[in-house]
Amino acid sequence: MIQVYFYKKNFQVQKTERFFKERRIPVQLVDLSRARLGRRELEAVKARVGLDALVDREGAAWKECPARFAAGEEAVFNALLEDPRRLVLPIVRNGKEATVGYRPEEWERWL
């Protein structure tokens, strides 16, 4: 089953939902304001897309984050685990496949 992780429903999340709904593909929506993304889950996504792709460097939550000045990947990774508002969302997972943001061209390959 395809999982869509989001923090707040926004235009990108709505477009993502619509993409799968139009193709009659069920999705599991995971609201990160209610359920945390686990370390293993985030590591699996990071392995597919890379750490840099996960970081929402334009968001206020990231700009307030002291870890952004840290040299180590582990500090950045932990900062993303602490606050999902620092992530590029939505995160869409299909088994071992994963994307961040609105990526219909990638999702078409999954179908």
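Biologist: What classes of residue make up the lining of the largest pocket?
Modeller: This is a predicted model, and in it that lining has six nonpolar, three polar and three charged residues.

Biologist: Thanks! Which helices supply at least two residues of that lining each?
Modeller: Two helices do: H1, residues 11-22, and H4, residues 60-63.

Biologist: And how much space lies in the largest pocket?
Modeller: About 250 Å³.

Biologist: Which residues line the largest cavity?
Modeller: You'll find Leu32, Ala35, Arg36, Leu37, Leu42, Leu80, Leu81, Pro84 and Leu87 around the cavity.

Biologist: Switching topic, I'm curious about Gln3. Where is the place of Gln3?
Modeller: Gln3 belongs to strand E1, which covers residues 2-6.

Biologist: Leaving aside neighbours within four places in sequence, what is Gln3 in contact with?
Modeller: With Gln28, Ile91, Val92 and Arg93. For Gln28, there's also a polar contact of 3.1 Å between its side chain and that of Gln3.

Biologist: Nice. Zooming out, how many helices and strands does the protein have?
Modeller: Six helices and four strands. In sequence order, the pattern reads β-α-β-α-α-α-α-β-β-α.

Biologist: And how compact is the protein for its length?
Modeller: As compact as a globular protein of that length, because its radius of gyration is 14 Å, close to the 13 Å that the globule rule gives for 111 residues. Along the principal axes, the C-alpha atoms fill a box of roughly 45 × 25 × 25 Å.

Biologist: What share of the residues count as buried?
Modeller: That's 40% of the 111 residues.

Biologist: Last one: among contacts with a separation of 6 or more, what share comes from residues 24 or more positions apart?
Modeller: Those pairs account for 68% of such contacts in the protein.

Key
Residues are numbered from 1 along each chain as its sequence is written. This is a predicted model: local features need pLDDT of at least 70, side-chain atom pairs count only at pLDDT 80 or more; totals for chains, interfaces and linings use all residues. Side-chain values use heavy atoms; hydrogens and water are left out. On a 1 Å grid over the protein atoms alone, a cavity is a set of points where a 1.4 Å probe fits but cannot get out, and a pocket is an open set with protein on both sides within 12 Å along at least five of seven lines; lining residues have an atom within 4 Å of a point. A polar contact is a pair of N or O atoms within 3.5 Å; within protein, one must be able to donate a hydrogen and the other to accept it, and residues adjacent in sequence count only if both atoms are side-chain atoms. Contact means heavy atoms within 4.5 Å. Grid points are joined across faces, edges and corners, and a volume is the space filled by probe spheres set on the points. Ala, Val, Leu, Ile, Met, Phe, Trp, Tyr, Cys and Pro count as nonpolar, Asp, Glu, Lys and Arg as charged, and the others, Gly among them, as polar. The radius of gyration is taken over C-alpha atoms; the globule rule is 2.2 Å times the number of residues to the power 0.38. Buried means under 20% relative accessible area, exposed over 50%, partly exposed in between (1.4 Å probe, protein chains only).
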